Amino acid sequence: MSSAYDKLRRILILEKDQGYRDRAVIGGLARFLGYWQKEARREAQQYVPPIDVEEVLRSTNGYSMLSPQERRPIVEQLLHALSDGASEPAVQHAPPPPAPVAPSLQDAIQAPGEQPAPTDTEPPVVRKPTPKSVTRPVEHKAANSAASQPMAEEPRPVKRTRRLASDRQISLSDSVTALKGVSTVSEEKLARLGIATIRDLIYHFPRRYDDYGQLKTINRLALGDEVTVAGVIRETKTRRTRSGALVVSTVITDGTGAIEARWFGQPHLQARLKAGRELVVSGKVTDYLGRLYFDNPEWEPLQRLLLHTARLVPVYALTEGVKARWLRRLMRTTLDYWVPRIIDPMPPAILQEEGLLGLGAALEQIHFPDSHEMLTKARERLCFDEFLLLQLGILRHRKEWRGRDGKALPIPHEDVEAFISRLPFALTNAQRRAIDEILRDMEQPTPMSRLLQGDVGSGKTVVAVAAILAAVRNGLQAAVMAPTSILAEQHYHTISRLLEPWPEIGCELLVGSLSEGEKRELQEAVAAGEVQVVVGTHALIQERVEFDRLGLVVVDEQHRFGVSQRGSLRAKGSEFQPHLLAMSATPIPRTLALTIYGDLDLSVLDEMPPNRQRALTAIRDRHSRERIYSFIEGQVQQGRQAFIICPLVEESDKIDSKAAISEYQRLQADIFPNLRLGLLHGRMSPQEKEQVMADFKARQFDILVSTAVVEVGIDIPNATVMLIEGAESFGLAQLHQFRGRVGRGEHKSYCILLSDNPNDQVLERLEIMEQTSDGFVLAEKDLELRGPGDFFGVRQHGLPELKVASLSDTAILTRARAQALRLFEQDPDLALPEHELLATSVQRFWITEELA
């Protein structure tokens with residue numbers, strides 16, 4: 001057996017011996033397979049494996065989310081397959097007839113659908129055979145149509161600089177070294193861009209485009225034009241500047257005039273740009289002493305197909321050793337070979353109904369668009385693909401979760417009503433509605449999976465405690481996980497206070513700062529069922545933490561945790577899957593919530609408690625700074641505290657904004673020499689940041705100077721002033737989160753938005769903060785004005801990366817979601833023959849995230 005599969009067998013044996021607890025390797029089986037698959041694919045070129053890599057990945061998909069009982073048959077089946085077969089050296093077989101690769105929306109490319117006529121020429125990007133190369137046999141399954149025969153697997157070539165066998169089946173999973181002109185040295189450079197395979201290359205999309213489509217005659221050029229000129233080279237000279245720099249100068253004529261083009265530090269151009277040669281140059285027209293010329297323009301010989309000039313020119317992300325022109329040529333030849341071989345997995349009915357480009361045309365036009373209109377159409381198609389795959393994956397996760405065994409809990413209504421009646425305030429209608437929705441979920445045998453979304457101060461914790469009480473009164477335990485120790489401690493004190501009428505309910509705090517002895521004692525009590533409610537941080541998901549009967553998991557600021565971390569806490573349930581309640585204080589528009597949390601049911605707290613203080617918000621410019629400082633000092637003299645937020649950690653030559661470190665030093669030395677100032681920024685360690693916040697809460701600082709890292713959810717009732725420097729640098733949702741740090745006590749609070757360079761557009765946006773305190777309204781405006789990036793990222797919510805789509809593309813998102821729901825209703829497992837390729841697409845799109 002090959003070493004990779006032997007490692008897998010030994011890990012699986014250890015997993016079995018440990019009771020299928022997903023602890024055989026650090027980080028779990030999914031993390032191990034992420035590294036293992038690369039080694040296994042390499043060895044598959046020399047040995048016939050006992051089981052395909054893709055089959056291993058498919059069978060272990062979602063392993064960390066399963067119970068030990070559900071994991072057992074998976075491990076046993078894999079061990080059986082590994083013991084039945086041993087990897088044998090590959091033998092030379094006659095090449096199979098060309099057959100299409102089973103594509104996904106990111107891998108929907110096949111070899112020619114029909115047997116090509118005999119030819120002595122190779123495809124433009126595929127290398128010729130080496131005498132010693134061997135090819136593994138490829139099994140074929142029945143075609144879905146007469147035109148396609150999807151392959152069962154995609155063999156990966158050995159990485160070498162020699163040319164690969166032209167009779168070998170080439171797939172998008174092959175290394176980029178299968179492309180002509182890509183050596184192992186180039187492979188290493190491309191890897192820094194995240195390009196390892198041909199698929200990676202094709203899906204390495206331009207980050208922007210230079211529009212050189214405007215062709216002008218030389219006599220019509222004007223200073224500042226970004227244009228293209230075609231003409232004949234009159235002469236080319238090389239000279240040195242006074243500083244010693246080498247300059248190649250070419251004079252181009254087109255019958256209407258002449259213009260000079262200059263290139264610095266490229267002496268090789270002297271030999272290439274010969275007199276009489278037809279040339280196309282594109283760039284910006286500049287001048288020197290009133291004389292127009294091109295400075296370092298793009299250029300290429302006049303030919304039928306232009307890549308670098310006279311068009312919308314793609315501009316790719318680059319790295320050291322990868323030049324723009326080389327990458328464009330590589331992309332062009334790669335697309336020339338693969339695009340005609342595309343099979344589109346999108347059902348034809350959806351393509352027609354949505355008016356979308358075919359996949360091949362979309363890939364062609366996203367890289368080398370014929371026009372702005374075609375670029376828009378290409379982006380629409382690829383954006384639609386990503387949203388559709390995203391939604392289908394989310395719906396699949398929802399179906400899988402609902403298919404697991406939970407525990408139906410009889411709701412102790414008397415206890416819940418007693419809890420509500422003892423509160424020193426009346427619940428809002430939204431809080432009562434959310435409690436009812438959560439308790440109804442917990443009464444079902446399907447494990448609850450619900451998101452409680454509410455603005456800062458809307459009362460999410462009280463709602464969560466009602467669910468905790470219902471679980472504990474059924475003889476179960478509840479776990480509450482927060483992202484930081486200080487937030488966990490805050491929750492612990494709040495929950496303990498609210499549960500005081502039930503002294504028999506034990507509530508404890510488990511955080512990293514406890515001594516080893518204290519941790520061990522608490523862990524033993526939790527495992528014995530002596531503690532009913534455990535509040536903690538990541539420490540809750542450590543291996544040593546075992547629960548007796550975990551019935552409810554509450555995750556606060558849940559976007560701060562990865563999918564695997566939430567899954568690890570869920571997996572602490574032994575006999576059944578615990579109910580899950582996730583909480584978020586970041587208001588998200590409903591369209592996006594359905595996308596990001598489509599596998600969760602949604603409860604929204606859209607009302608604020610009547611006693612909640614609202615911070616007075618005001619916009620000011622730099623002329624008001626001295627008065628603002630005096631106001632802050634006056635608040636401190638009354639015993640209050642203040643935040644001062646800066647956009648940067650340190651000063652930057654490129655960005656004209658306040659920096660926290662230098663501002664802290666200036667304020668302490670020159671403005672508030674008699675006050676106590678603290679400093680908080682993202683370059684501090686987590687322990688340092690938590691200590692600063694704890695000290696501020698304990699009133700050891702009067703003013704905290706901070707960057708945007710100031711914690712969401714931190715309760716500092718004594719803080720009454722929030723001064724935000726460079727307010728135009730932040731999105732509305734983020735400004736709203738800052739504002740939520742004040743107004744949490746009995747004293748009147750203030751939020752001051754300070755902008756040194758306010759223009760009409762900035763003022764119009766900031767004035768929305770003065771007009772409303774509704775986080776959901778602000779989130780909608782933020783999405784409309786700036787896109788979603790200001791208040792959350794896709795990856796931080798545990799979703800696959802989107803290469804083309806942005807969550808602000810709500811119109812396309814809505815269309816894709818509607819089609820996904822329709823498809824899921826018709827064929828939830830995408831098992832119909834016409835959906836087979838689409839199912840492969842979904843699997844490939846999500847597999848990276850599920851193995852992360």
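T720 is buried, as its relative accessible area is 0%. This residue belongs to strand β22, which runs over residues 719-725. Please keep in mind that the model is predicted; the mean pLDDT of the protein chain is 78.

**Around T720**
- Leaving aside residues up to four places away in sequence, T720 touches Q635, R640 and Q641, along with V742, H747, K748, S749 and Y750.

**The chain as a whole**
- The protein chain has 852 residues, and 54% of them are buried.
- Its secondary structure comprises 26 helices and 23 strands.
- Of the contacts between residues at least 6 apart in sequence, 73% link residues at least 24 apart.

**Cysteines**
- How many disulfides does a search of the whole structure find? The search returns 0.
- C383 is buried, since its relative accessible area of 0% falls under the 20% cut-off.
- C646 counts as buried too, because its relative accessibility is 0%.

**Where to read with care**
- A pLDDT of 70 or more is reached by 81% of the residues in the protein chain.
- Over residues 86-167 pLDDT stays under 50, and the model has 215 contacts beyond four places in sequence for this stretch.
- Residues 789-796 also stay under 50 in pLDDT, with 26 contacts beyond four places in sequence.
- Where pLDDT is low, predicted coordinates should not be read in detail.

Note on methods. Residues numbered from 1 in each chain as written. Predicted model: local features only at pLDDT ≥ 70, side-chain atom pairs only at ≥ 80, totals over all residues. Heavy atoms only, no water. Helix = DSSP H or I, 4+ residues; strand = E, 2+ residues; numbered from the N terminus. Buried < 20%, exposed > 50% of the residue type's maximum accessible area, 1.4 Å probe, protein only. Contact = heavy atoms within 4.5 Å. pLDDT = per-residue confidence, 0-100. Disulfide = S-S within 2.5 Å.
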